[in-house]
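Trainee: I am new to this structure and would like a close look at a single part of it. Please take your time with the answer.

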Amino acid sequence: MVKLTLIARVTDGLPLAEGLDDGRDVKDAEMYKQQVKALFKNLASGNNDASRMSIETGPYIFHYIIEGRVCYLTMCDRSYPKKLAFQYLEDLKNEFERVNGPQIETAARPYAFIKFDTFIQKTKKLYQDTRTQRNIAKLNDELYEVHQIMTRNVQEVLGVGEKLDQVSQMSSRLTSESRVYADKARDLNRQALIRKWAPVAIVLGVVFLLFWIKTKLW
């Protein structure tokens, strides 16, 4: 099934539209959305020249197409047919270009075409059930071929594994440093208490000693 749908401008990674009710049934949906944003930034920096690609991530797979300097991306279950996923994106691309074409380059704020969600939701419903006659016909369409579209792993594309290692190391270092800081803070507090109360303790000790001597003399 189609889980997420996002559209962004490739030149600067600006998000243009998104399926508003997407990801409600996806565990860690925000994490996958962050991966998508990282991918858009990656594309904006020119690190990937492929106009069509599939990217495996956990139990899901991203599929995207780039046309007219716009990236159309969807995340599906791995079992969802690749051919249907890309035909879904083609439908979105054709309508998005038809409706918003002249404004795409001049859009200055994120999600400037958020109303396109209506078309996203309507089209997504058509593609959800792979057993309908419509979708079976699309699967059997020999003129639309996807076998040559490359499939890669998200760690390979984004360097996520390396970044996660760096985050893990940084987290461990910060934890270690915070423990050292806490130990030092406890020592300083202890020393401060000693400095504050030591004179009082000495005076009380002297008073007690004098009292004891006096009682002995009596």
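Trainee: Does E90 count as buried or exposed, and what is its relative accessibility?

Mentor: Before the answer, please note that this is a predicted model, in which local features need pLDDT of at least 70, side-chain atom pairs count only at pLDDT 80 or more, and totals for chains, interfaces and linings use all residues. Residues are numbered from 1 along each chain as its sequence is written, and side-chain values use heavy atoms, with hydrogens and water left out. E90 counts as buried because its relative accessibility is 14%, where buried means under 20% relative accessible area, exposed over 50%, and partly exposed in between, with a 1.4 Å probe and protein chains only. The residue lies in helix α2, which covers residues 82-100; helices (H or I, at least four residues) and strands (E, at least two) are DSSP runs, numbered from the N terminus. When neighbours within four places in sequence are set aside, E90 is in contact with R52, I65 and Y144, contact meaning heavy atoms within 4.5 Å.

H63 sits in strand β4, residues 60-67, and H63 counts as buried because its relative accessibility is 1%. Leaving aside neighbours within four places in sequence, H63 has contacts that include M53, S54, Y72, K82, F86 and L89. With S54, the side chain of H63 also makes a polar contact of 2.7 Å, that is, a pair of N or O atoms within 3.5 Å, where within protein one must be able to donate a hydrogen and the other to accept it, and residues adjacent in sequence count only if both atoms are side-chain atoms.
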